Amino acid sequence: MTPWTVQLITLLGVALGALASFVSTRLVDRSRWQREEKLRWDTKRLECYSEFSAAIMRFINIEDRMAAGLGLPAAVEPLNADPGLLALATAEADVSLYWAQLLILGSPEVVRTAQDWRNEAWQLESFARGYRNDPADFVTAAQRRREARKRFYAAVRADLGILTGDIPVDLGMREPEGIQEADSD
């Protein structure tokens, strides 16, 4: 082999090595960027879902307290209408704010289940405002709202890749005195 052929083969080897190094570095960097980007959006979605959940739970708690103040079977401290209506309006504004964020960041399934939960919460609002007053209907509406909450949390967990099993519907719920609910699971 002539010296220039050896030099050409060496030069091609160096060029091929440099190209391979560039491609592998580029692929590793791209993979890292994609992981970091996914983590960033997962973190933002978790924050959004948590804020929406906390806001709607505050709204529901106020509704339950107002309903208890009207004599409906709710296992919470009763709240009179005057301070309750003001607190309810504030809580509803918070739900609307976090709902807008959820529409932007949420998966279609999370948005659908969040809307179901909001609809069930609005059903309870009619009891809190005194438009409806049947205790049996209130218990049924409260159960439907808990089931909607369970579906929302299941959708959120699936969206975030948290697959550790189902959460019970009535986890952490106190039963009002004298009311027995049927187990839905």
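Which residues do ring pairs link into a cluster? Ring pairs join Phe52, Trp99, Trp117, Phe152 and Tyr153.

## Basis

The model is predicted: local features need pLDDT of at least 70 and side-chain atom pairs pLDDT 80 or more, while totals for chains, interfaces and linings use all residues. Numbering starts from 1 along each chain as its sequence is written, and side-chain values use heavy atoms, without hydrogens and water.

## Aromatic pairs

The whole structure holds 7 aromatic pairs. Rings of Phe, Tyr and Trp (its six-membered ring) pair if their centres lie within 6.5 Å; planes under 30 degrees apart are stacked, over 60 edge-to-face, the rest tilted. Trp117 and Tyr153 are edge-to-face, at 5.7 Å centre to centre and 65° between the planes. Trp117 lies in helix α3 and Tyr153 in helix α4, so this pair ties together parts 36 residues apart in sequence. Phe152 and Tyr153 have ring centres 5.6 Å apart and planes at 55°, so they form a tilted pair.

Trp117 is buried, with a relative accessible area of 0%, and Phe152 is buried, also at 0%. Tyr153 is partly exposed at 27%. Buried means under 20% relative accessible area, exposed over 50%, partly exposed in between (1.4 Å probe, protein chains only).

## Core

Definitions and conventions: Helices (H or I, at least four residues) and strands (E, at least two) are DSSP runs, numbered from the N terminus.
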